[in-house]
Amino acid sequence: MTPGFKEGTKTVPSNLPCSRKRVGAVEWREIAKSVRSAGGRLFALWGTDDRDRDTCFRVFAVYLHSSGVAVVEHEMEGGTKPTYPSLREYFPSALRMERAIFDLLGIKSIEPDHRGWLRHGGWPEDAFPLRRDFDCNNQFAAASAPYPFVQVEGDGVHEIPVGPVHAGTIEPGHFRFSVVGEKVLRLEERLGYKHKGIEKLFETMAQKEGHRLAARISGDSAVAYSWAYCAALEAATGTICPHRAVQLRALALEHERLANHLGDLGALGNDAGFAFGLTHFARMKEDLLRTNQASFSARYLMDFLVPGGVASDLPNDAPRLLLDRYRSFEADLNAMRNTYDNHAGVQDRFRETGILSQETAYNLDAVGLIARASGIPHDLRSDFPWPPYDKMKVKVSSQTSGDVAARVAVRFDEVIESLRICRALVAELRSGDIATVVPDAGPGLLGIGAIEGWRGPVLVALETGSNGSIRRCHPHDPSWQNWPLIEYAILGNLVPDFPLINKSFNLSYSGHDL
Amino acid sequence: MINTLSRMIRTGILTEEVPRAPKADLPIGNLQEKVRKILGRALCIRHLDAGSCNGCELEIQALNNPYYNIEGIGIKFVASPRHADLLLVTGPVSVNMEEALKRTFDAVPDPKLVVAVGDCGACGGIFGKSYASRGAVADVIPVDHTVKGCPPSPLAILQAILETIQTTA
């Protein structure tokens, strides 16, 4: 049972055990407090405009706790200044989500930081895109919107502004460093540059096309997001996917984890001045992408998952090709891990750099890979395994040092475990259908899809509208929780170590900015 | 050290032959000479993400892997727009990146080339135009060439780059 839930609980259609409760303002905070004291975590937070239905705005908080997922909803009258109590006291990561909710919906949490987060002056201050009366196609001239960064004062302190355009093939965001000499005293992030109105865009789409947009929330997590979307829709409509489709989805998800971890392991070697690492991992990643092309007909699986199953089947010779590939990867990985572990220069850069202690990680709501590198071993594939992971007994990697070396080690552990899962999936692949028909869901249903992507748990909350339309869809990326942690991991480190630390987190800008 | 060296030797050189620009049957050697004649040095590319989903970035990064090895044919990515000849732009242009894109474009010295990458960069893609997105790159800055795909393969991006140099040079 959810901590703090007593009565009035309903189950929610989801691929995970999920319950839901409506609460008043007092209970909104009390439940947060109970979840926190029972060791639960904040999963996602969003708002909706339901004034057309019952004159109310609503906020939804989703928690992960020991027995599943809990959706808590709180409604407020849509008067001139709708407000709700902040969850920041119990879950600090709620702060940025609450600022985003204000930018998009105009409902305020009762807390002191009201600087814009996703709105940079691209639309008027009194226009709120996620309100029902706001037209998605409205275009506004951008106005300048100065952002008051927190100033650090003292002898010899100076600021280094970085971004939004960075020196490399990476996504845009702004970092404001306050430094003394080479040491970082404070880092403040400003994100939102990639906001492209994804949530509003969902509302213009049919239920059966939403998976395509979901796959493009964060391109490196296309499978995780499109699976979460499909899981939400399939749960809401009571659709059961064919077994083969479920196995192929898991195979695609593990390939996505492999591709990203291989890329990161190479880039981390490179940021530590070890180009050999970059070259070899880049080669392995390319080999994997070419295997994807041969097996799934695409290098990146943007459109592989569809509601009800998958879009294409494996060619007949794919199992043999895949097993060969996994075998050669495993040998390469063990050798590369050995090389990294025994390279004094690399270890000198990796160890004790960018430490995120277990205590800080816990207090600031770390999730996913970053939490696992700081001694918080949670993974949805093991905590609440949905098919086919219920048969896989996924071994969760856990490291405790919380530094760059730990985040490298988690990636090594996870690629090896992924290869084991892939081999098992291929060996047990059953013949059969790869998709089934999904009916339109009736209006007013809420479905929750939650999938452990390579970064951590992603969530898609889908509320259905009439005639197969989407009324509201909120996707949530683990980067929301993990971005603020970099501000802590960098403290006391040297400015030139920032690229290495940032890469070891490798968070999504696009998935966060929506 | 010995392990690293032995791995290098065992792996060998993986770099593949560069695709020819599709419209002209010009050997790559000539193209390289042409680039050198016009620019007097390698072609320098600055990539700018104007709001993409980060899918195109993954394929652009792949151009540097040993299979494509674009530095081997005299093309390199640079950190500053001031060092660039060609701007490679991804994404639908988000409203919040519009100014940064314009300023980056202005910072590239003339004469300059712009290639818009991916379905979104080429025509707005699934995001199109909205309150938060200006759509295609060409709606914000002048574009010389586009390459479609979601995301386009590294080869497609490389071909577009070669074609842009060839038609302009």
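Student: Which elements of chain A and chain B each supply at least two residues of the lining of the second largest pocket?
Tutor: In this predicted model, they are β9 (174–180) of chain A and α4 (98–107) of chain B.

Student: Where does the largest share of that lining come from?
Tutor: From α4(B), with 7 residues.

Student: What volume does the second largest pocket have, and which residues are closest to its centre?
Tutor: The volume is about 740 Å³. Of the 27 lining residues, P164(A), Y193(A), E99(B), A100(B) and R103(B) are the closest to the centre.

Student: And the lining by class?
Tutor: It has 11 nonpolar, 9 polar and 7 charged residues.

Student: Switching to cavities: how many of 30 Å³ or more turn up in the whole structure?
Tutor: The search finds 7. The largest cavity has a volume of about 120 Å³. Among its 16 lining residues, those closest to the centre are L45(A), A100(A), I101(A), E199(A) and H474(A).

Student: Which element gives the most to that lining?
Tutor: α3(A), with 5 residues. Domain 1 (10–110) and domain 2 (197–238 + 438–477) of chain A each contribute at least three residues to the lining of the largest cavity.

Student: What about the largest nonpolar core, how many residues?
Tutor: That core has 158 residues, and Y63(A), L251(A) and F350(A) have the most contacts inside it. Helix α14 (residues 404–427) of chain A provides its largest share, 13 residues. Another core, of 24 residues, lies apart from it and includes L43(B), Y67(B), L88(B) and V115(B).

Student: What does F350(A) touch, leaving out residues up to four places away in sequence?
Tutor: Its contacts include L268(A), A272(A), Y340(A), V404(A), V408(A) and L500(A).

Terms used
Residues numbered from 1 in each chain as written. Chains lettered and ligands numbered in written order. Predicted model: local features only at pLDDT ≥ 70, side-chain atom pairs only at ≥ 80, totals over all residues. Heavy atoms only, no water. Core = buried A, V, L, I, M, F, W, Y, C linked by side-chain atoms within 4.5 Å. Buried < 20%, exposed > 50% of the residue type's maximum accessible area, 1.4 Å probe, protein only. Helix = DSSP H or I, 4+ residues; strand = E, 2+ residues; numbered from the N terminus. Contact = heavy atoms within 4.5 Å. 1 Å grid on protein atoms, 1.4 Å probe; cavity = no way out; pocket = protein on both sides within 12 Å on 5 of 7 lines; lining within 4 Å. Points joined across faces, edges and corners; volume = space filled by probe spheres on them. Nonpolar A, V, L, I, M, F, W, Y, C, P; charged D, E, K, R; others polar. Domains from an automatic or database assignment.
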